[in-house]
Amino acid sequence: MNKAQIASQGALPKKRKQRRVSLDRKKARAGWFFVLPFALGFVLVYLPLIIESIVSSFFTVTVKAADVITGTPASYRLQAAGLSHYQEALFENSDFVQNLITGMQQLIIDIPAIIIFSLFMAVILNQKMMGRAVFRAIFFIPVIISTGIVAQVDNMTTELSNQTSGESSIQTGNQASGSSASQLISAADVSSLFSSMMVGSELVTYVVNLVNNIYGIVNRSGVQMLIFLAGLQSISPAIYESCSIDGATAWETFWKITFPMISPMILVNAVYTVIDSFTSQSNTLMNFINNAFITEGNSVATAMAWIYFVIVILIVAVVGGILSAFIFYQRREG
Amino acid sequence: MTNDTQNATRVTKETKNKIRVEFERTSLWERMKIKYLSLRFLGRVVFVIFRVVLLLGISYIILYPFITKIAGSFMSPEDFADVTVKLISRNPTLDTYKAIIEYNHYFDAALTTLGVSLVSALAQMIACCVIAYGFAKYKFKGSKFLFFCVVFTMVVPHQTIKSALSLKFRYFDIGVYNFGIIKLFTGGQSLNLLDTYWPMVILSLTGLAFKNGLYIFMLRQFFKGIPDSLEESAYIDGSGVFRTFVQIILPLSVPMLITVFLFAFSWQWTDNFYVSIFFPGREQYVFTKILTVPAPFREAVNQAGGSLFNQAIMNTCAIMIILPLVVVYLFCQRFLIQGIERSGITGE
């Protein structure tokens, strides 16, 4: 806007309209140039992949290797299979639906826990104290290290220890694996504590699950913590100052100032958490689909992955829709 | 005017003197009592203790698996048979490390991974920076839709396109199924790009590799925070769009670019998904292939109680894989944390 005005200063009024259009066009062209790598890659590499993946879930693909003697190149052969792969995934393979349901339940437990935990830790790590830099460094170790191959190793060792849990149960605690951290805190203590209090059994199982999962939750809330920290530091100190002058307590300040100001970040984190926990390797369903590529063949496994994807999209839409109703945007008010 | 200021200074002087006199009249004991025996101070102390305990506890949860992994890596097979051994080995040995280096081609794998990580992290940094700048600063037809596509690539689980990815780069061509541009030139032959760096380079340069959507999102937020007037003044001085980008915007965003580079490098280093698809052959060693029991330990693993030893070997592999990364992290974690803070990601 500004630029258009500046550019047209000194030009005749007649010419102004023409110049503005050409500048816009120039800008649009520059914009396209910058995003060209992604646009090209998306159309030429990613889209064919997606199409092939969808097609391969509807067809049975057989790859014919290149024949050196006759000189025929390698080629694909497609055989229409209709919805049979999907049927197989949903109805014939009983494990898939089972895993899908437990996966969803796990997610419903984990997402609120991860968001609350990471918000809480971000607020604490944002305060001035001794050794803040050290604690921050420790808290963000999982972001860098506990992904990919390390998660794979953890899965492998957990499997190994499950296979031989009867063999020498005393020493399993000695050994490192992702699940070993949960042995730090005995879940039995927590459940006895809660059963002596008069609260609903759902809450007890929820908390017990959380305590058992603490290692996973801590590990998976690294990026969320970073995003919350970024959000907390973007809140103007002037607001806090005026709040304390008005005599608000820390508790009131948190709920009246920090929480509304950070609510957009809660949406971002909720969506990120859903996506991240759905696509992470520690996800049981992801592992199941990974194994299905070997046990069931590509087509059925791809069909499973697509069913899974549709559910992920639905959940992201629902979570986003619910949360965006409660979000406070500073700009809209001011 | 002057009278007023003189009055004011006189008053403040008097008050100051008053405060000083009162301060000196109260004994040290009284002063301490007022300061430290209040409910407010007590609450503060309780809170600080609670905070330190909580932070230490969670740090312990994060570090505990690494400590046990490191402890286990120095144990010999006899230690695993001994029930009384906890954490500290009776017969400490470096055999596990030696065997992994010698029989599992650790250094070959590290070298390949270093190459792949450096090349693709550099490509991802450049590509994501350019793409994000286009999204942040220019309004053009289809920009919203394209950004939706970026989010789409983030949401699709990798497993969905796993088989398609390996087929794509085994029979690489630009096109779908049996039609392709490269085939037109080579007379029906497609390229086999597996076991080379090319698949990673292609994916990185187009912003499609691991978590690139996140980087584009981060950088876009960062570029949006840079005021437009900066570019406008450059335009007025006669600088073109690309010169402005290279000479004005890039120098400003160096810390952010370092952050993205570090993320890309470390996530590529520990990546096992793309690497296992793109390097299926025997010649190129990558980290996913060294996760086996080294030849001299095969017997010990199959004996009774050997599964613990097997686990320890796997964990030692993991330690050796992340060791270079930990060194990098110790020096660069400042950039990671500051970079994210500076990006000011906001939910829109």
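Student: Leaving aside its neighbours within four places in sequence, which residues is Ile131(B) in contact with?

Tutor: Two residues are in contact if their C-beta atoms, placed from the backbone, lie within 7 Å. By that criterion, Ile131(B) touches Phe34(A), Val35(A), Pro37(A) and Phe38(A), together with Gly207(B) and Ile216(B). This is a predicted model, in which local features need pLDDT of at least 70, side-chain atom pairs count only at pLDDT 80 or more, and totals for chains, interfaces and linings use all residues. Residues are numbered from 1 along each chain as its sequence is written, while chains are lettered from A and ligands numbered from 1 in the order in which they are written.

Student: Which members of the largest nonpolar core touch the most other members?

Tutor: In soluble globular proteins, nonpolar side chains tend to be buried together. A nonpolar core is a set of buried Ala, Val, Leu, Ile, Met, Phe, Trp, Tyr and Cys residues joined through C-beta atoms within 7 Å. A residue is buried if 20 or more other C-beta atoms lie within 10 Å of its own, exposed if 12 or fewer, and partly exposed in between. Here the largest core has 116 residues, and Cys128(B), Ile131(B), Leu219(B) and Val260(B) touch the most other members. Helix H6 (residues 106-137) of chain B supplies the largest share of this core, 15 residues; helices are DSSP runs (H or I, at least four residues), numbered from the N terminus. A second, separate core of 14 residues includes Ile289(A) and Val300(A).

Student: How many residues of helix H12 of chain A are buried?

Tutor: Among the nine residues of H12(A) (237-245), the count is zero. Gly247(A), with a positive phi near 85 degrees, follows H12(A).

Terms used. Helix = DSSP H or I, 4+ residues; strand = E, 2+ residues; numbered from the N terminus.
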